[in-house]
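Let's take a walk through this structure, looking at how its parts meet. Please keep the model open beside you as you read.

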Amino acid sequence: METTSKTIRKHSLEKLYASLAENRKMYAPVAEADNRIGYKYNPDFSEVIFDHIQSTLSVKNVVFPRVENVIFYTNNKNDSTVTDVDLNKIPEVVLWGAHPCDTAAYDVLRSIFCWDTKDEFFAKRLEKLVVIGLACHKSDAHCFCTSVGLSPDSTKGSDILLVPLTNGDYKAEILTEKGNRILTDFSGLFEPYQDEETKLTHVEQQFDHKQVTQHLKEAFENPFWVENSLRCIGCGACAYVCPTCACFDIQDEAKGKNGKRYRSWDSCGFGLFTLHTSGHNPREVQSQRWRQRILHKFSYMPERNASLGCVGCGRCSRACPVDMNIAEQLQALQSI
Amino acid sequence: MINLVSRADELLESKAVQVVIGYEAGSTGKARPAFITDPSKTGSLIFDDRCVQNLAVYLTKKEVRYFGKAAIVATLPIMRSIMMLISEQQVFAENIVVLGVSAEGKYIDIAGIEVMQQYIATCDLGNPAKDQETLAMLNKMSTQQKFDFWQKELSKCIKCYACRQACPMCYCTRCAVECNQPQWIPVQSNLHGNTDWHILRAMHLAGRCISCGECGRACPVNIPCHLLTMHMADQVHNYFNVYAGTTDKMSSVMSTFEPNDKESFIQ
Amino acid sequence: MCNNIYKPYLMQIDQIIDETSDAKTFRLKFKNPEEAEKFTFKAGQFGEYSVFGEGESTFCIASSPTRKDYIECTFRKAGRVTNALANMEVGDTLGFRGPYGNTFPIEEWEGKNLLYIAGGIALPPMRCVIWNTIDLRHKYKDITIVYGARSVADLVYKHELKAWEEMPDIRLITTVDPGGQTPDWKGEIGFVPMVLEKAAPSSENTVAILCGPPVMIKFTMPVLKKLGFKDKDIFTTLENRMKCGFGKCGRCNVGKVFVCKDGPVFTNEQLLSMPMEY
C-alpha cells in the first residue's frame with residue numbers, strides 16, 4: 001500500500017481516541033508510581049502520555065500474553081474431553097502511542113510464531129490489533145534503535161505512525177489498510193500534511209548489526225562469553241521485559257477433573273530451561289545461557305527467521321540488576 | 001580506595017587469591033560487579049554510593065568458583081551474607097578473603113572471621129531506616145489494607161525470579177518453585193501464584209534474611225518485595241532475639257526449638 | 001477454532017506392557033476413527049503425550065508406520081508426567097499431538113547393510129525404524145542390531161529381542177554391563193563400544209544408526225570411525241528438551257537448528273557442524 005501523510009491537530013487527537021474507543025479496547029501508555037511508564041487498557045485520554053521515553057514492560061503481551069490458555073479439558077479416566085479456546089472472543093484492540101521499537105517487534109514476533117506452522121493464538125491477536133505508533137522525540141542512553149536498522153520514526157509494525165511536529169501537532173503516516181480504514185472512517189479529523197517540521201530525537205548508532213552478525217559466526221568458543229557474563233545472576237528480567245523474546249513453557253493446571261493447558265513466558269537464561277530428564281544439561285552454566293541469548297537474537301534469527309531478534313529498545317539494559325548492557329556488549333563483539 | 005586497590009593487588013600478586021570480587025564503573029553511570037584476576041587491573045576497582053549490589057551472591061556461582069580462592073569487597077550486608085553462607089556450609093571460610101568497607105565507605109582490615117564477627121557486633125543490624133519507615137506504615141494498616149497493598153504490588157510480578165537470583169541466600173540448585181511433584185506454586189504468573197511465590201520466598205528467608213534489600217532493588221517492576229523478608233527479619237528478632245549473619249555458626253532459627261521460645265506466634 | 005496446534009488427539013490405552021521395573025510400553029488407539037484414518041507418520045518422528053492435569057511429555061513413536069491403526073510409546077518413569085502415565089490403566093484416555101520432526105531416510109538406505117546400535121532406554125526411538133526396515137526386509141541387505149543395557153532387568157522389549165533373535169536374516173547381539181548378567185544370561189557381557197569393536201561389522205555399504213546415553217555415544221563414535229564409517233553414514237537422534245514441537249518455544253534450539261523441526265534425526269556430519277549444546 002502506498003503511504004499517505006496527513007496532519008492531525010493536537011485537539012483532534014482526543015476526538016480520534018474517543019472515536020476509536022467507542023467499539024474497541026484501547027491500550028495506551030500512562031504514568032505509574034516511581035516515575036515509571038506502563039500500558040493500561042482503556043485509560044481516560046487525559047491520563048495518556050505522549051512524551052515518555054520507554055515503558056518498563058514492552059507491549060508484546062497484547063499478542064503474546066504472559067499466560068495464554070491453549071486448551072481446556074475434563075479428565076474422566078476413560079472418557080476425557082478436550083475443549084477448544086474460542087478465538088473469536090479475542091477483542092479488537094487499538095495499541096495507542098507505542099514507540100517504533102515496540103511496533104517493529106511485532107514483525108520479529110511474527111517471524112517466530114508464524115514461520116512454518118502458524119500459531120493461531122498469536123496470529124488472531126495480531127489480526128485484531130490496530131497499531132497507532134508514536135515516533136520518539138525523546139530518548140536516553142539505553143536506546144539503540146539506530147544500531148539495529150531502525151530509527152525514532154521507523155514505520156515498521158504501525159498501521160498509523162504519529163510523528164510529533166514542532167508546533168505541537170502530529171503528522172500521521174497512514175501505512176496499511178487498517179490505517180486507511182481509520183483515515184476513511186474519521187476523515188474529518190485529518191488535514192493535508194504541508195511539510196511541517198517534525199520533532200525527532202537523535203539516537204547515536206553504537207554498532208553495525210550486520211558486522212556483529214558476521215562476527216558471531218565464529219564467536220561461539222570465544223572467551224568473551226565467560227568474561228562478560230560472570231556478573232549475570234541468571235534471572236529472567238531481560239527476557240521478560242524484552243519485546244521480542246518469545247520463549248515459552250507449556251503447563252497443565254487442574255482443579256479436580258477440570259483443568260487447562262496454558263503457555264507462559266519463559267527464559268533461556270534460566271538454568272532449568274534446557275535441563276534433560278536424565279540430569280544432563282546442554283547449557284549448564286550462565287555464560288552458555290548468556291551466549292545463547294545474544295547468538296539467538298543476532299546470529300540464529302537473522303539466518304533462520306530472516307529477522308534480527310532485537311529492536312534496540314534498551315529495556316533489558318535498563319532492567320538488569322547487574323548492568324549487563326547489551327549494546328555495550330554488542331559493540332565489543334563487533335571487534336572481537 | 002587506595003587501600004582496597006593495593007590490598008587486592010597484593011592478594012592477586014602473591015597468589016593468595018585467584019579472583020577479587022568488587023565493583024567497577026559500569027555503563028550509563030552505574031557501578032557494577034567486577035571480577036579481577038589480573039593484578040595489573042585492580043586499578044578499575046571502585047567503591048562509592050553506587051556500589052550497592054550484594055556481591056555475596058557470586059560466592060556460590062559455579063563460574064566464579066572455578067577461579068579458586070576469592071577476595072570479596074564486603075560492606076556490612078555482604079559480611080552478614082558471608083556469615084550465613086559459612087553457617088549453612090555453602091562457603092568455606094578458608095576459601096575467602098574479606099576486603100571490608102565500613103558504612104562511611106572506608107576500607108577496614110578484616111583479618112579473619114573473628115574480626116568480622118567483632119565488627120558486625122558493633123553495627124546496627126536492624127533494617128535500613130527508610131525501610132523501617134515503610135514497614136511501620138504497613139504495620140499500622142488493617143489486615144485488609146495490608147492485603148490490598150500486597151495484592152496490588154504482587155499483581156505486577158512477572159515471575160522473572162530476579163528477587164531470588166539476586167539473593168545470596170537463595171542458592172538452591174532447584175528452588176521449591178521449580179519442584180513439580182507436587183507443583184507447589186503455579187508456573188504461570190497470576191495473582192494467586194505470585195502471592196504464593198512471595199510468601200514462600202519470605203518464609204524460606206525467615207531467620208536468614210540479612211536485610212540487604214537486594215531482592216527489591218533487582219525487581220524490574222519495582223515490587224518492594226524486600227519488605228516481606230525484612231518484616232520476617234524483624235519478627236525473628238522480636239520473637240527469638242536473633243539477627244541473621246552475626247557469626248559463622250548461626251543455627252537455623254526456623255528449625256531450632258528452644259525451651260524458652262515464645263509461642264505466641266502460633267496463635 | 002479450526003487450527004489449534006496445541007490441541008491433542010484423544011487416545012485410549014489399548015495395551016500396557018511392563019518393560020522393566022520403571023519402563024512401560026503403551027499401545028494407543030485413536031478415540032476418533034476419522035483421526036486414525038487420516039493419521040500418518042514416518043520412522044523417527046515423535047509426539048507430545050499428555051496426561052490431563054499433569055502436562056505433556058516428549059517421546060518418539062516406537063511402533064512402525066507399517067503397523068496401522070495404533071501407535072506405541074515406551075517411557076521410563078522420571079518426572080511428573082511419566083509418573084502419572086505409569087499410573088494409568090488400559091482403557092484410560094490420554095492426549096497425543098504429533099507427529100513432529102524429521103525421519104530416518106530409509107528410502108536412501110535401500111540396498112545397504114544396516115547396523116543398529118542402542119543402549120538402555122534408547123532402543124525405543126530405534127524400534128520404530130528397526131521394525132519398519134524388517135517389514136520391508138527385501139529392500140535391505142544385512143541387518144545387525146547391537147543392544148546393551150546396564151543389566152538383564154534393564155533390557156526393554158524382551159519379547160521382541162527374542163523374535164529378532166529367531167529371525168534367520170537378522171544378526172542380534174545383546175549385551176549387559178559387567179555385573180548386570182543373570183546366571184542364565186546367554187548374551188555378551190561388556191559395554192556396547194567394546195562389544196561392537198569385537199563384533200566388528202563391516203562399514204562397507206553400511207549405515208550405522210546409534211541411539212543411547214551421551215556417554216555411550218561418546219565411546220561408540222570412535223569405534224565406528226575405526227571400523228571405517230563416514231560421518232554422513234552415522235545416524236543418531238537428539239533428545240533435547242522440548243515443549244511445543246513447532247520450533248517456537250525455543251527450548252530445543254541448538255545453533256540455528258531446532259531439534260523438533262530439523263531433527264530429531266541427525267547424521268554425525270550434521271552434529272559436527274552444530275554447537276555442542278545437546
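A few ground rules come first. This is a predicted model, so local features need pLDDT of at least 70 and side-chain atom pairs count only at pLDDT 80 or more, while totals for chains, interfaces and linings use all residues. Residues are numbered from 1 along each chain as its sequence is written, chains are lettered from A and ligands numbered from 1 in the order in which they are written, and side-chain values use heavy atoms, with hydrogens and water left out.

Let's begin inside chain B. Where they meet, 19 residues of domain 1 are in contact with 20 residues of domain 2, contact meaning heavy atoms within 4.5 Å. Together the two domains of chain B bury about 1700 Å², 60% of it on carbon and sulfur atoms. Buried area here is the accessible area (1.4 Å probe) that two parts lose on being put together, summed over both.

One salt bridge is counted between the two domains of chain B, where a salt bridge is a side-chain nitrogen of Lys or Arg within 4 Å of a carboxyl oxygen of Asp or Glu. You can find a salt bridge between B:Glu88 and B:Arg208, with their closest N and O atoms 2.8 Å apart.

On the domain 1 side of chain B, helix 3 (76–87) and helix 4 (113–121) are the elements that give two or more residues. Helix 3 of chain B gives the most, with eight residues. Helices (H or I, at least four residues) and strands (E, at least two) are DSSP runs, numbered from the N terminus.

Now step out to where chain B meets chain A. Here 39 residues of chain B are in contact with 41 residues of chain A, and about 3100 Å² is buried between the two chains, with 55% from carbon and sulfur atoms. In chain B, B:Glu63, B:Ile158 and B:Gln188 lose the most area to chain A, together 19% of what that side buries. Four salt bridges are counted between chain B and chain A; B:Lys30 and A:Asp323 meet in a salt bridge at 4.0 Å, N to O. The rule also finds 22 residue pairs in polar contact across this interface (both at pLDDT 80 or more). Among the elements of chain B that give two or more residues to this side are strand 2 (31–36) and helix 7 (162–166).

Look for C:Lys243 and A:Asp249, which form a salt bridge with their closest N and O atoms 2.9 Å apart.

How values were computed
Polar contact = N/O pair within 3.5 Å; in protein donor to acceptor, adjacent residues only side chain to side chain.
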